[in-house]
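Hello,

Here is the structure I said I would pass on. My notes follow below it.

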Amino acid sequence: MRGPFLGFMAGISWLVGLPSHAQDTLQVVAEPGDGIFSLLRKHGADPARHIEDFIALNEPRLGEGASLYEGTTYLIPIPSPEEEAAEVPTFARYDIFGEQYAEVPPESSRLEGAVFYLVSGHGGPDPGAMTKYNGKLISEDEYAYDVTLRLARKLLAHGATVHIIIRDPDDGIRDARVLEMDTDEVALPDQAIPLNQLARLKQRVEAVNNLYLENRGKHQRLIVTHVDSRSKGQNIDVFFYHHNKSRSGKKLAEHIHKTFQEKYAYYQPGRTYTGTFEDRSTLYLVKNTLPATAFIEIGNIRNTRDQRRILDPDNRQALANWICEGILADYEDR
């Protein structure tokens, strides 16, 4: 009996795909651990260009949530020579994303003029919530950082200016399930992260607010990414916080939340999405930073079902893509 691999959010319908007439294909067989993103990359196809056509070509052979079946043959779309010759993109390079993802192909200029500040939770001497997966210790900060990097890359691809506040000098975007823990993260520009929680939060607030003042008059937003750490048995959906006195922050959180509702309805029909967006004005970063803020909890690292969302690299990419789509909707609704 074949079993679907868990591709909880692997099919991303808003990515730029090939024209519908490009039907040259390569036949490949899904192996253990393959998701759509990893299968395309393995065979030299750019997921950002090929994902829509892959889903259209293979829809009858996809499982729940656009997952793949082990041992099943799938068709990978190949662009025609004319299309390849016509597309000569200029790639900007950002070493923070790691060698594999350093080059960022442009997708649009939809966020041109917008400035985003991205803060991933914990880091440095504080790993955040920890648990074991297959006998290995994993921590909240590594997964929040990976999603943050993926989101930063998507925002840049749409023409935004992006400031990554918590940075790791050697951990770019990583396509592994178990992300090795370390403590060498720093705060922008290159400050050691203090162990004391209040000092750590003040450091982040200062970094964001200083940049905000330098960019007065521009569209500026802050996205804070955390992985929740509730009891092991509690499965949660992605949910969002904002400041109750910030109309812009509420609108931002609402747009991202609406995007998640729509994607769940499409990719997991029949499953109720329980993630919410709500006021959490008491959170230190939400309360003290100047830009409109969306504070996002992407899952419970201790819960087995939520780990599918967090540990699978395709799912982490999908999380970033969905957040980006909500941000695009928010910016174009200004």
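Which residue is the bridge partner of H226 in β15? The partner is E297. Please keep in mind throughout that this is a predicted model.

Strand β12, residues 219–228, pairs with strand β15, residues 292–300, in the parallel sense, and seven bridges join the two. Both belong to an open sheet of six strands, ordered β8-β5-β12-β15-β13-β14, with mixed pairing. At the edges are β8 (161–164) and β14 (277–279), each of which pairs on one side only. From one strand to the next the twist averages 25°.

With 18 residues, α5 reaches 26 Å from its first C-alpha to its last, close to the 26 Å expected at 1.5 Å a residue. At the start of this helix, the backbone nitrogen of L198 has a side-chain oxygen of N196 within 3.1 Å. The buried residues of α5 are R200, Q203, R204, V205, A207, V208, N209 and L211. As a reminder for reading that list, an α-helix has 3.6 residues a turn, so residues three or four places apart point the same way.

Helix α6, residues 247–267, lies across β12, β13 (239–242), β14 and β15. Relative to β15, α6 runs at about 35°.

Regards

Methods: Residues are numbered from 1 along each chain as its sequence is written. This is a predicted model: local features need pLDDT of at least 70, side-chain atom pairs count only at pLDDT 80 or more; totals for chains, interfaces and linings use all residues. Side-chain values use heavy atoms; hydrogens and water are left out. Two strands pair if DSSP finds at least two bridges between them. Helices (H or I, at least four residues) and strands (E, at least two) are DSSP runs, numbered from the N terminus. Axes are lines fitted to C-alpha atoms, for helices over the stretch in contact, and angles run from 0 to 180 degrees between N-to-C directions. Contact means heavy atoms within 4.5 Å. The expected span of a helix is 1.5 Å times one less than its number of residues. Buried means under 20% relative accessible area, exposed over 50%, partly exposed in between (1.4 Å probe, protein chains only). A polar contact is a pair of N or O atoms within 3.5 Å; within protein, one must be able to donate a hydrogen and the other to accept it, and residues adjacent in sequence count only if both atoms are side-chain atoms.
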